Structure formats: structure tokens, C-alpha cells
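Reader: Hey, I'm new to this one. Can you walk me through it?

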Amino acid sequence: MEALIPFTTSGALVDCVDKANLVLEGTIERKHLAHYFSDQPVGVMIIRGENVVLLGEIDLDVEDEVPLQAVPLQELEVAYKREQEYKKKREADKSRILFEAAGFSKEGGEGDGY
């Protein structure tokens, strides 16, 4: 299973029907990693009310001050995969050291149960 890059979604609110279901037009999905981002146009998006966490106005002046750099999606995906591989290796190394030095069992390994 491929890991998803963290993202945010924004668009113009067209309609807010019952139970807080939203219809967004001109929606853009912004995938971000550190100080880099890539915008992917999505178009019209319907969001179920149970999935709405926050709805608010964006202050464009403040958004312009954030030091983000636009990059192509392919570069962002490569960097994200590299970061995930690094984190996975780091966790494996940490588990190995804890196992060898202090006798802690590895995550999901023998002795990990209660």
C-alpha cells in the first residue's frame, strides 16, 4: 500500500446543504512536505458533513508571508518516499538497539503481548 502525502484542500464554497455537507468549486488539493508544496486541481468536490473539521476564511496576506516553495508533484513524491524510508530505517535501528541493549522486544515480535 502506497503512503499518502499529507494534504489540505481548499475551494470556493458553492453550497452548504443539510447536515453540513459541502460543495466546493475550483477545488485545489495542496500536498505539502516541510517547506515545499504542490497544488493539484481537483474541480468540484462534495464533502460529507461528518468529515468536516474546520471551515474558515483564508487570510491571503498572511498566506503570502509563509516561506513555501512550489515544486512539481513528482519531486514531492520522491522526497516523501525518501523521508518515509529514512523514518522506517530509523525506527528499525532504534528497535534493534533497544532489543540488544535493554532486552526490549521488537514491535509485534515475540514477547510484545501483555
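Predicted model: local features only at pLDDT ≥ 70, side-chain atom pairs only at ≥ 80, totals over all residues.

Reader: How many residues does α2 have, and what does it span from first C-alpha to last?

Author: α2 has 30 residues, and its first and last C-alpha atoms are 42 Å apart. That's close to the 44 Å expected at 1.5 Å a residue.

Reader: Which residues of α2 are buried?

Author: Leu-73, Leu-76 and Tyr-80. The cover over those buried residues includes β2 and β3.

Reader: And what comes just after α2?

Author: Gly-103, which takes a positive phi of about 80°.

Reader: OK, now the sheet. What's the strand order?

Author: The order is β1-β2-β3-β4, in an open sheet of 4 strands with mixed pairing. β1 (7–17) and β4 (69–70) each have a single partner strand and stand at the edges, so one side of each has no neighbour in the sheet.

Reader: Mixed how? Which pairs are parallel or antiparallel?

Author: Let's go pair by pair. β1 and β2 run antiparallel, joined by 9 bridges. Ser-10, for instance, has Ile-28 in β2 as its bridge partner. β2 and β3 are also paired in the antiparallel sense, over 10 bridges, and there Leu-24 has Met-45 in β3 as its bridge partner. Then β3 (residues 36–47) pairs with β4 in the parallel sense, over 2 bridges. Tyr-36 has its bridge partner in β4, namely Gln-69.

Reader: What do the turns between the antiparallel strands look like?

Author: The hairpin of β1 and β2 has 3 residues between the strands, and Lys-19 in that hairpin takes a positive phi near 60°. The hairpin of β2 and β3 has 2 residues between them, with Ala-34 in the turn at a positive phi of about 55°.

Reader: Let me pick a residue: Ser-38. Is it buried or exposed?

Author: Ser-38, which lies in strand β3, counts as buried because its relative accessibility is 4%, below the 20% cut-off.

Reader: What does its side chain make polar contacts with?

Author: One partner is the side chain of Gln-40, at 3.3 Å. There's also the backbone nitrogen of Leu-73, which lies 3.3 Å from a polar atom of the Ser-38 side chain. Leu-73 is one of the buried residues of α2.

Reader: Which other residues does Ser-38 touch?

Author: Leaving out residues up to four places away in sequence, Ser-38 touches Glu-29, Arg-30, Lys-31, Val-71, Pro-72, Leu-73 and Leu-76.

Reader: Switching to Asn-21. Where is that, and how exposed?

Author: Asn-21 has its place in strand β2. Asn-21 is partly exposed, with a relative accessible area of 23%. Not counting residues up to four places away in sequence, it touches Asp-15, Cys-16, Ile-47, Arg-48 and Gly-49.

Reader: And how far is Asn-21 from Asn-51?

Author: In sequence they're 30 residues apart, while in space they're 8.7 Å apart, C-alpha to C-alpha.

Reader: New topic: how many salt bridges are there?

Author: The count comes to 7 salt bridges. One of them joins Arg-30 and Asp-39, with the closest N and O atoms 2.8 Å apart. Arg-30 counts as partly exposed at 22% relative accessibility, and Asp-39 counts as partly exposed too, at 33%.

Reader: What about α2? Which residues does Asp-93 pair up with?

Author: Lys-89 forms a salt bridge with Asp-93, where the closest N and O atoms are 2.9 Å apart. Those two both lie in α2, 4 residues apart, about one turn of the helix. Asp-93 also meets Arg-96 in a salt bridge, at 4.0 Å from N to O. Asp-93 and Arg-96 are 3 residues apart in α2, again about one turn.

Reader: Which residues end up in one network there?

Author: Lys-89, Asp-93, Arg-96 and Glu-100, joined by salt bridges that share partners.

Reader: Are they exposed or buried?

Author: For three of them I can tell you. Lys-89 is exposed, with a relative accessible area of 52%. Asp-93 is partly exposed at 25%, and Arg-96 is partly exposed at 36%.

Technical notes:
Residues numbered from 1 in each chain as written. Heavy atoms only, no water. Pairing = 2+ DSSP bridges. Expected span 1.5 Å × (residues − 1). Buried < 20%, exposed > 50% of the residue type's maximum accessible area, 1.4 Å probe, protein only. Contact = heavy atoms within 4.5 Å. Polar contact = N/O pair within 3.5 Å; in protein donor to acceptor, adjacent residues only side chain to side chain. Salt bridge = Lys/Arg side-chain N within 4 Å of Asp/Glu carboxyl O.
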